[in-house]
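Here's a quick tour of a single chain, written for someone who likes to know the cut-offs. Have the viewer open as you read.

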Amino acid sequence: MPARILDGRVMSETLRAEISQRVSELKKRGITPGLAVILAGNDPASEIYVRNKGNGCLETGMYSETVRLPESISQEELEAEIDRLNQDSRIHGILVQLPLPKHLDAASALARIRPEKDVDGFHLLNAGSLMTGGEGVIPCTPKGALYMIRQTGVDLAGKDAVVIGRSNIVGKPMAMLLLRENCTVTVCHSRTKDLAEYTRRADILVAAVGRAGFVTADMVKPGAIVIDVGINRVDGKVKGDVDFDSVREVASWITPVPGGVGKMTITMLLQNTLEAAERAEKKA
Ligand code: NAD
């Protein structure tokens, strides 16, 4: 029997309805959750992501602001903009759209965001919290991926989980989240020898590589849950890291691309922004 689909569109619809509900409750108390997205330069893919984030805010009743900065902006000017948003009480979440133009220092910019407004969860304090079991903001993509894994209803404790990719925004936080769920976690990367030896043992396999169709059916354990984080543009089409048609015949659950983790990422950003506004209300 082919794998069941973990449908990011359907899950997002349900979650966004819940988010809208909570937003309207906050609004009744005079608070509108607000997200500011900083976009430096004119990267076409970033333009699309930023537009989708703004639309997500509109759809759920949140306030959103896109701060467009020229490609030539200096580090000081960028950080001054972040400082301004840190002080703006209408803004509960600040996101710096990556990648930044090459001459800018992304790590320094991310560190400038107040941790409670860091809705991407990339600030060192939030990354450290995830590592040490604290209460920080969790990065949107792995948070969405874990939500999808939980929707299978499978008891995760003791399961073998393999994450392919070790980036700070996907692979590493994903591994930490699965560890929190009591999985036995292996992180594979570009220097891993005999990758398939690891992936074939995985009850849960997360692919965050950035290569279309990289994970093929022979690399997957029968009955595995396969989560495809990849977004790769091939001949104008968006493709995942997983060879969907063949892997679907082996796995028990699988996420499609598009309509999988990508959709959930923006939904989790909206959730993180809402939660930041709720926390700000409690602190006030
Ligand atoms: P990255 O380039 O920072 O990391 C890729 C990782 O893949 C690296 O850690 C590298 O070691 C590993 N890798 C590369 N070649 C490999 C190989 N041959 N064998 C094993 N591992 C290998 O990328 P990233 O930012 O983590 O993103 C990964 C993918 O996920 C990309 O396609 C990206 O577009 C996508 N992505 C999707 C979302 C979403 O919302 N769905 C969000 C972020 C990234």
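## A threonine to start with

Does Thr60 count as buried or exposed? At 3% relative accessibility, Thr60 counts as buried; here buried means under 20% relative accessible area, exposed over 50%, and partly exposed in between, with a 1.4 Å probe and protein chains only. You'll find Thr60 in the loop between helix 2 (44-59) and strand 3 (63-69). Leaving out residues up to four places away in sequence, Thr60 touches Arg16, Ile19, Ser20, Val23 and Leu270, where a contact means heavy atoms within 4.5 Å.

## Ground rules

This is a predicted model, so local features need pLDDT of at least 70 and side-chain atom pairs count only at pLDDT 80 or more, while totals for chains, interfaces and linings use all residues. Residues are numbered from 1 along each chain as its sequence is written, and side-chain values use heavy atoms, with hydrogens and water left out.

## The whole chain

Ten helices and eleven strands make up the secondary structure of the chain; these are DSSP runs numbered from the N terminus, with helices being H or I of at least four residues and strands E of at least two. The radius of gyration is 19 Å, close to the 19 Å that the globule rule gives for 284 residues, so the chain is as compact as a globular protein of that length. That radius is taken over C-alpha atoms, and the rule is 2.2 Å times the number of residues to the power 0.38. Along its principal axes, the C-alpha trace spans about 50 × 40 × 40 Å.

Of the 284 residues, 49% count as buried. Among contacts with a separation of 6 or more, 71% come from residues 24 or more positions apart. The chain exposes about 13700 Å², with carbon and sulfur atoms supplying 51% of it; the areas come from the Shrake-Rupley method with a 1.4 Å probe, and for residues only the protein chains shown count as cover. On the charge side there are 36 positive and 36 negative side chains, and the centres of the two sets lie 2 Å apart. Lys and Arg count as positive, Asp and Glu as negative, with His and the chain ends not counted.

The chain is divided into domain 1 (30-117) and domain 2 (140-262), with bounds from an automatic or database domain assignment. Their centres, taken over C-alpha atoms, are 29 Å apart.

Helix 6 (residues 140-150) is mostly covered, with nine of its eleven residues buried. Among them are Lys143, Leu146 and Met148. What do the buried residues of helix 6 pack against? Their partners are helix 1 (8-28), helix 7 (171-180), strand 7 (204-207), strand 8 (225-228) and helix 10 (261-283).

Most residues other than glycine have a negative phi, and most peptide bonds are trans. Leu98 and Pro99 are joined by a cis peptide bond, with omega about 0 degrees, and Pro99 lies in the loop between strand 4 (93-96) and helix 4 (106-112). Val257 and Pro258 are also joined by a cis bond; Pro258 sits in the loop between strand 11 (253-254) and helix 10.

Now for phi. Asn182, not a glycine, has a positive phi of about 70 degrees and is exposed, at 52% relative accessible area. Asp235 has a phi near 45 degrees and is exposed at 78%, in the loop between strand 9 (232-234) and strand 10 (237-239).

Key
Charge placed at Lys NZ, Arg CZ, Asp CG, Glu CD.
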